[in-house]
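Okay, thanks everyone, let's get going. Have a look at the chain on the screen, and then I'll walk you through it piece by piece.

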Amino acid sequence: MGEQLTPNDVKKIKEEIEYRKLVVRKKELEAVKEARAQGDLSENFEYKAAKQDKNRNESRIRYLERMLKHARIVSDRSADDEVGINNTVDLYFEDDEEIETYRLVTSIRANSMEGKISIESPLGKAIRGHKTGDRVYVKTGEGGYYVEIRKIDKSTDDTEDQLRKY
């Protein structure tokens, strides 16, 4: 089963693939040619570095194409009073007696350091589709914990989100 992607995620991935094929690939091939022209390849650091950059780009293209091939497209729409993709939520963690703010995103854009949690994570799965005031059980491994949804901000702008690297 592939990753869950929104139509906008698919668009961003296709744009990155096209950019890497048309722009980056040409640049990397030119760098390899220039480094090769410098002579002895066995001790040519520039050649090795250029080859690594070229291979890294090709690997990223394959990774993204494979992701698209196996992806499941999900809707980024939700009811006005429900937690959905790209929504920012304030959650009250009962065990810690703290309120934390998260944004629910697809896994290709998840970044816990920026407060973006995946819809495929235990917390994301638990709160998606719930409403303000709902007390939700988040199942983790052998146990779990409760959170209360305190506030939902129906933001849907994901234009600034970066796709995860690997």
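Predicted model: local features only at pLDDT ≥ 70, side-chain atom pairs only at ≥ 80, totals over all residues.

So, a question to start with: what do the buried residues of helix 1 pack against? They pack against strand 1 (4-5), helix 2 (45-70) and strand 2 (72-73).

Numbering starts from 1 along each chain as its sequence is written, and side-chain values use heavy atoms, with hydrogens and water left out.

The secondary structure comes to three helices and seven strands; helices here are DSSP runs of H or I with at least four residues, strands are runs of E with at least two, and both are numbered from the N terminus. Going along the sequence, you read β-α-α-β-β-β-β-α-β-β.

What about the overall dimensions? Along the principal axes, the C-alpha atoms fill a box of roughly 70 × 30 × 25 Å. The radius of gyration of the chain is 21 Å, whereas a compact globule of 166 residues would have one near 15 Å. That radius is taken over C-alpha atoms, and the globule rule is 2.2 Å times the number of residues to the power 0.38.

On burial, 37% of the 166 residues count as buried. For the cut-offs, buried is under 20% relative accessible area, exposed is over 50%, and partly exposed is in between, with a 1.4 Å probe and protein chains only. And if you take contacts with a separation of 6 or more, 56% of them are between residues 24 or more positions apart; a contact means heavy atoms within 4.5 Å.

Now back to helix 1. It covers residues 7-36, and at 1.5 Å a residue its 30 residues should span 44 Å; the end C-alpha atoms are 42 Å apart, so that agrees. The expected span, by the way, is 1.5 Å times one less than the number of residues. There is a kink of about 40 degrees in helix 1, centred on R20. That bend is the angle between axes fitted to the seven residues ending there and the seven starting there. R20 is also one of the buried residues of helix 1, and others include D9, K12, I13 and E16.

I13 is buried because its relative accessibility is 0%. Leaving out residues up to four places away in sequence, I13 touches L5, L64, M67, L68 and L163.

L64 and M67 are also on the list of buried residues in helix 2, along with Y63 and I61, among others. Helix 2 has 26 residues and runs 37 Å from first C-alpha to last, close to the 38 Å expected at 1.5 Å a residue. Its buried residues pack against strand 1 and helix 1.

Which residues does K165 contact, beyond its neighbours within four places in sequence? R60 and Y63. K165 sits in the segment after strand 7, and it counts as exposed because its relative accessibility is 54%. K165 and Y63 are 102 residues apart along the chain, yet their C-alpha atoms are separated by 9.8 Å.

On to the strands, where two strands pair if DSSP finds at least two bridges between them. Strand 3 (residues 88-93) and strand 4 (residues 98-105) are antiparallel, over six bridges, with F93 opposite E98. Strand 4 also runs parallel to strand 5 (residues 116-118), joined by three bridges, and there V105 stands opposite S118. Then strand 6 (residues 135-140) and strand 7 (residues 143-153) are antiparallel with six bridges, and V138 faces Y145.

Last thing, the backbone angles. Most residues other than glycine have a negative phi. E97, in the loop between strand 3 and strand 4, has a positive phi of about 55 degrees although it is not a glycine. N86, in the loop between strand 2 and strand 3, is a non-glycine with a positive phi near 75 degrees. Buried or exposed, those two? N86 is buried, because its relative accessibility is 1%, while E97 is exposed, with a relative accessible area of 61%.

That's my tour, so over to you.
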